[in-house]
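Please walk me through this structure. I would like to follow its charged pairs, then its helices and its surface.

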Amino acid sequence: MKSIITLPASSAELAFDGEPSDAELDAIEIEMPLIEAEVDLLDVEIALLDRSVSVLDAQRLRRHRRRVLAARRDLTNRTAVQSGGAA
């Protein structure tokens, strides 16, 4: 049986050290408000798994859901403006 080995197209790919590139870090930085909002929403959902939801818990959950939606909206609008397209 022959093995098929693919070689990188350039020497830059040979020097991959497992760390994210500057462009990837910039993309993560742009998405960070959405990531933080989703983590906060997940924390609220986890806290409510083993108990009944009170009025205050329901308000807290709605507030975090709205925060996630607003972060998604802002990210989408920012991406559309940067790419020059209309949303």
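The whole structure holds 4 salt bridges. A salt bridge here is a side-chain nitrogen of Lys or Arg within 4 Å of a carboxyl oxygen of Asp or Glu. One of them joins the side chains of Asp-40 and Arg-67, at 2.4 Å from N to O. Asp-40 sits in helix α2 and Arg-67 in helix α3, so this pair ties together parts that are 27 residues apart in sequence. Asp-40 is partly exposed at 25% relative accessibility, and Arg-67 is partly exposed at 36%. Buried means under 20% relative accessible area, exposed means over 50%, and partly exposed lies in between (1.4 Å probe, protein chains only).

This is a predicted model: local features need pLDDT of at least 70, side-chain atom pairs count only at pLDDT 80 or more, and totals for chains, interfaces and linings use all residues. Residues are numbered from 1 along each chain as its sequence is written, and side-chain values use heavy atoms, with hydrogens and water left out.

Next, Asp-57. This residue is found in helix α3. Its side chain meets that of Arg-51 in a salt bridge, 3.1 Å from N to O. Asp-57 is buried, at 11% relative accessible area, whereas Arg-51 is partly exposed at 41%. Leaving out residues up to four places away in sequence, Asp-57 touches Leu-48, Arg-51 and Ser-52. Contact means heavy atoms within 4.5 Å.

Now the overall fold. The chain has 3 helices and 0 strands. Helices (H or I, at least four residues) and strands (E, at least two) are DSSP runs, numbered from the N terminus. Buried residues make up 14% of the 87 residues.

Helix α2 covers residues 22-47. Its 26 residues should span 38 Å at 1.5 Å a residue, and its end C-alpha atoms are 36 Å apart, which agrees. The expected span is 1.5 Å times one less than the number of residues. Still, α2 bends by about 55° at Glu-31, and Pro-33 follows within four residues. The bend is the angle between axes fitted to the seven residues ending there and the seven starting there.

Which residues of α2 are buried? They are Leu-34, Ala-37, Leu-41 and Val-44. These buried residues pack against α3 (55-83). An α-helix has 3.6 residues a turn, so residues three or four places apart point the same way.
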